[in-house]
Amino acid sequence: MKAFCEGIDLSDAVLKVVKACATKTVTPVLECIKISARNDKLIIVATDGEISIQKNIKAEIYEEGDVCVPGRYFSDFIKKLEGVQITLSSDDKKMDIIYADSQTAMQVLSANDFPKIDTDINENSFSMKTADLKKFINATSFCCAGDDSRPILKGCQFVIKGKEISVTALDGFRLATIKGELISSTGDMEIVCPARTLNEIEKMIDGDGTTEIFVQKGRILVEVDDTVLTSRLYNGDFIKKDNIIPKDFTTRVKVDKSALKASIERAAILVRSDKNSLIIFDISSDKIEISSNSEIGSVQEPVKAETNGKDIKIAMNSKFIIEAVNALDEDKLVLSFNSQIQPFICENAENKERLYLILPVRTMNNA
């Protein structure tokens with residue numbers, strides 16, 4: 001293979017696809033970026049077996065061919081050559097990177113061992129405003145599980161009925177859900193997409209346009225300009241959110257978002273090294289008293305609030321409540337409770353399109 005291209009184009013492509021390289025694997029080729037020289041372009045692709053990202057760039061091709069280069073090393077190196085023109089020349093053992101008056105050699109692997117990437121995914125699809133898709137991902141993906149004990153919880157559930165869509169994520173301790181409208185869909189569907197895939201899609205898409213997501217046989221595809229992302233979907237039964245979210249509450253609290261957030265963040269500082277980062281809400285007639293206590297010290301702050309219902313004292317993970325508050329976008333929030341040990345919800349005061357449910361933490365006082 002031999003090709004000539006602009007360093008800025010190559011760097012942009014490599015930095016996009018390297019995110020799909022595997023980091024810990026017994027299959028070395030999955031840590032590589034595959035470069036294919038065809039006609040008048042370079043096809044650059046990486047995959048870890050779950051997600052793949054492919055980007056095409058213009059190039060002058062002197063000799064067609066394929067080669068696999070070490071992903072992280074190659075991307076870090078090419079990032080330093082954005083301002084020059086580059087010639088890539090490879091044989092079975094190494095790739096020569098020629099730039100200005102310099103030349104660097106890098107070991108390669110055979111492209112024959114690189115997995116085949118299926119981009120023929122178009123059986124079903126749905127489309128939505130790009131801004132809405134970004135909003136949906138940002139509103140939910142942070143609530144996905146991070147470990148492999150229940151793999152399906154590492155993804156977000158998309159439920160499509162007609163032109164209505166709801167996206168839900170949970171990790172066993174909290175739940176996030178948001179609903180809205182699509183521009184179009186080929187039919188009703190339910191999929192669970194890895195959070196990692198969604199976060200990469202969120203980085204790909206931009207602008208005020210429309211994004212279409214294609215679905216077929218347990219895989220999805222999104223194409224933006226010359227970048228194509230494919231990913232497998234998770235199989236299995238996702239937890240039904242309607243069985244988890246309470247219908248009625250004994251205590252409701254309306255509070256200013258900025259005041260609540262500031263107080264929670266201060267209380268969280270002193271417990272950030274603790275396992276549960278525990279803070280306490282003591283809710284009475286006209287306030288939420290927020291407190292935390294650790295070996296470092298203690299915090300106790302009242303926050304004005306409009307309350308309706310029973311007084312309640314409840315403990316929670318400060319990280320969970322901070323992330324829920326940050327994900328809401330109105331000046332006033334509503335918190336709804338039933339007891340010290342039952343899940344509570346946090347939502348906007350007016351627009352109810354999104355909702356966050358959090359399990360309280362059991363303490364000596366409420367066990």
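**Ground rules.** I am working with a predicted model, where local features need pLDDT of at least 70, side-chain atom pairs count only at pLDDT 80 or more, and totals for chains, interfaces and linings use all residues. Residues are numbered from 1 along each chain as its sequence is written, and side-chain values use heavy atoms, with hydrogens and water left out.

I looked up the largest pocket and got a volume of about 430 Å³. A pocket here is an open set of points on a 1 Å grid over the protein atoms alone, where a 1.4 Å probe fits, with protein on both sides within 12 Å along at least five of seven lines. The volume is the space filled by probe spheres set on the points, which are joined across faces, edges and corners.

I count a residue as lining if it has an atom within 4 Å of a point. Of the 15 lining residues, V159, K161, S166, K241 and D242 are the closest to the centre. Two or more residues each come from β11 (155-161), β12 (164-170) and β13 (174-181), and β11 gives the largest share, four residues. Strands (E, at least two residues) and helices (H or I, at least four) are DSSP runs, numbered from the N terminus.

By class, I get four nonpolar, three polar and eight charged residues in the lining. Asp, Glu, Lys and Arg are charged, Ala, Val, Leu, Ile, Met, Phe, Trp, Tyr, Cys and Pro nonpolar, and the others, Gly among them, polar.

**α5 with α6.** I find helix α5 (residues 257-269) packed on helix α6 (residues 318-327) at about 155°, axes 10 Å apart. Axes are lines fitted to C-alpha atoms over the stretch in contact, and angles run from 0 to 180 degrees between N-to-C directions. So α5 is roughly antiparallel to α6 (the label for angles over 145 degrees). The contact (heavy atoms within 4.5 Å) is made by K257, L260, K261, I264, E265 and A268 of α5 and S318, I321, I322, V325 and N326 of α6. I sort these into six nonpolar, two polar and three charged.

**α1 with α2.** Helix α1 (residues 7-17) and helix α2 (residues 71-78) pack at about 145°, with axes 9 Å apart. I list L10, S11, V14 and L15 of α1 against F74, S75 and I78 of α2. That contact has five nonpolar, two polar and no charged residues.

Terms used. Angles under 35 degrees count as roughly parallel, over 145 as roughly antiparallel, 65 to 115 as roughly perpendicular and the rest as oblique.
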